[in-house]
Amino acid sequence: MKPDVLLLKAILPDTIRALEEHFTLHRLDQAADRSAFIAAVGHDIRAVVVGGQAPATSELFAQLPRLEIVANFGVGYDTIDVAAAQQRRIIVTNTPDVLTEEVADLALGLLLAVVRRIPQADRYLRSGAWTGASFPLTASLRGRRIGIVGLGRIGQAVARRLDGFGVSIAYHTRTRRPNEPYAYCDSILELAQTTDVLIVVAPGNASTSNLINADVLAALGPNGVLINVARGSLVDEPALIDALQRGVIQAAGLDVFADEPRVPAALTAQDNVVLLPHVGSATHHTRGAMGSLLVDNLIAWFSGQGPITPVSETPWPLNPG
């Protein structure tokens with residue numbers, strides 16, 4: 001018999017078809033009564049697939065007594081209660097590496113769009129305003145000092161791209177990376193004080209909530225630019241809105257928000273921001289690779305090989321206990 005898998009929220013059709021080929025798939029996203037659905041199938045479920053930032057909570061785990069593995073469609077897994085998974089000795093997997101280059105590309109695209117005001121220039125031309133006057137001069141990347149918040153896989157890919165722009169680069173992580181050629185700052189505040197662009201690529205979790213706060217934004221200064229392609233939870237959104245409105249920083253480029261897909265009207269009303277609907281990895285190529293890795297993790301697990309990409313909190317083999 002095929003293992004029973006619970007899908008919490010719709011993901012790519014190709015990935016769903018692959019799941020249906022290898023497993024008995026139960027679609028919670030299509031259930032009229034979610035509680036009744038889980039009550040009916042919960043005792044059979046051995047795996048959960050998480051996508052679209054659907055929450056996988058300890059309450060859900062308690063209703064799935066045979067649950068062995070939670071496979072996340074994405075690299076960030078902050079919507080999964082990993083502590084509860086640890087306690088229940090449930091493996092959690094994600095999809096690292098396959099989306100690194102795509103998200104790094106988008107981070108640089110956002111940076112250029114914000115600094116050179118590319119969307120604003122596009123709107124200017126479309127409105128017919130160019131026939132009356134040239135578009136105003138913009139800021140530049142020349143002479144910019146770039147700070148990267150989080151120098152993991154994506155942060156390193158961002159830094160490699162920035163090397164080609166001839167800008168100075170500094171970074172902050174919890175642990176210094178001695179083999180990296182970039183300047184290290186002991187704190188986010190120090191990084192903001194010594195740079196005028198912050199690119200946020202750190203993971204979202206309880207320890208990084210509101211990491212970019214009013215003090216950090218003030219330290220970034222009136223020429224400062226904030227780029228966030230990580231998680232909305234890393235930025236104090238009301239503080240950012242205030243900083244943009246009062247000119248505490250110059251501009252921002254955001255692919256992620258605190259309460260997606262709801263974006264505050266105070267942000268959409270600002271002309272000094274570029275806003276994207278969480279599309280960092282949203283290409284056919286990369287989302288396909290993410291889906292393949294998700295399915296491969298489940299196939300490997302149920303064939304007895306162990307997971308391919310377990311997250312650090314649930315390593316394989318599991319620690320004795």
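These are my notebook entries from a look through this predicted model.

**Entry: annotations and domains**

I started with the UniProt record. An unreviewed entry there lists residues 5–311 as "domain: D-isomer specific 2-hydroxyacid dehydrogenase catalytic". In the model that span is 36% helix and 15% strand, and its end C-alpha atoms lie 19 Å apart. The record, again as an unreviewed entry, also has "domain: D-isomer specific 2-hydroxyacid dehydrogenase NAD-binding" over residues 108–280. For residues 108–280 I noted 32% helix and 16% strand, with 11 Å between the end C-alpha atoms.

Domain 1 is made of two pieces, 4–97 and 284–303, while domain 2 runs over 99–275. Their C-alpha centres lie 32 Å apart.

**Entry: the sheet with S1 to S5**

In what order do the strands of the five-stranded sheet run? I read S2-S1-S3-S4-S5, an open sheet with parallel pairing. The edge strands are S2 (24–27) and S5 (91–93); each has a single partner strand, so one side of each is left without a neighbour in the sheet. From one strand to the next the twist averages 20 degrees.

I followed one pairing in detail. S1 (residues 4–7) runs parallel to S2 and pairs with S2 over four bridges. Within that pair, Leu 6 stands opposite His 26 in S2. Then I looked for helices packed on this sheet. Helix H1 (residues 13–22) touches S1, S2 and S3, and its direction makes about 130 degrees with that of S2. Helix H12 (residues 284–302) touches S3, S4 and S5, at about 160 degrees to the direction of S4.

**Entry: the sheet with S6 to S12**

I then moved on to the seven-stranded sheet, which is open, with parallel pairing in the order S8-S7-S6-S9-S10-S11-S12.

Val 149 faces His 172 in S7. Helix H5 (residues 100–115) packs on this sheet and touches S6, S9 (197–200), S10 (225–228), S11 (251–254) and S12. The direction of H5 makes about 150 degrees with that of S10.

**Entry: where the domains meet**

How many residues of each domain are in contact across the boundary? I get eleven from domain 1 and seven from domain 2. The area buried between the two domains is about 820 Å², with carbon and sulfur atoms giving 46% of that. The rule finds two salt bridges across this interface.

**Entry: salt bridges**

A reminder to myself: side chains of opposite charge can pair when their charged atoms come close. Searching the whole structure gave 15 salt bridges. I wrote down two of them. Arg 46 meets Glu 68 at 2.6 Å, N to O. That pair links distant parts of the chain, 22 residues apart: Arg 46 is in S3 (residues 45–50), and Glu 68 is in the loop between H3 (58–62) and S4 (69–72). The other is between the side chains of Arg 153 and Asp 97, also listed at 2.6 Å, N to O.

- Gln 53 is not a glycine, yet has a positive phi of about 55 degrees. I found Gln 53 in the loop between S3 and H3.
- The peptide bond from Glu 260 to Pro 261 is cis, with omega near 5 degrees. Pro 261 sits in the loop between S11 and helix H11 (265–268).
- The bond from Trp 316 to Pro 317 is cis as well, with omega near 0 degrees. Pro 317 belongs to the segment after H12.

How values were computed. Residues are numbered from 1 along each chain as its sequence is written. This is a predicted model: local features need pLDDT of at least 70, side-chain atom pairs count only at pLDDT 80 or more; totals for chains, interfaces and linings use all residues. Side-chain values use heavy atoms; hydrogens and water are left out. UniProt positions are given in the numbering used here, feature names are shortened, and annotations may be inferred rather than shown by experiment. Helices (H or I, at least four residues) and strands (E, at least two) are DSSP runs, numbered from the N terminus. Two strands pair if DSSP finds at least two bridges between them. Contact means heavy atoms within 4.5 Å. Axes are lines fitted to C-alpha atoms, for helices over the stretch in contact, and angles run from 0 to 180 degrees between N-to-C directions. Domain bounds come from an automatic or database domain assignment. Buried area is the accessible area (1.4 Å probe) that two parts lose on being put together, summed over both. A salt bridge is a side-chain nitrogen of Lys or Arg within 4 Å of a carboxyl oxygen of Asp or Glu.
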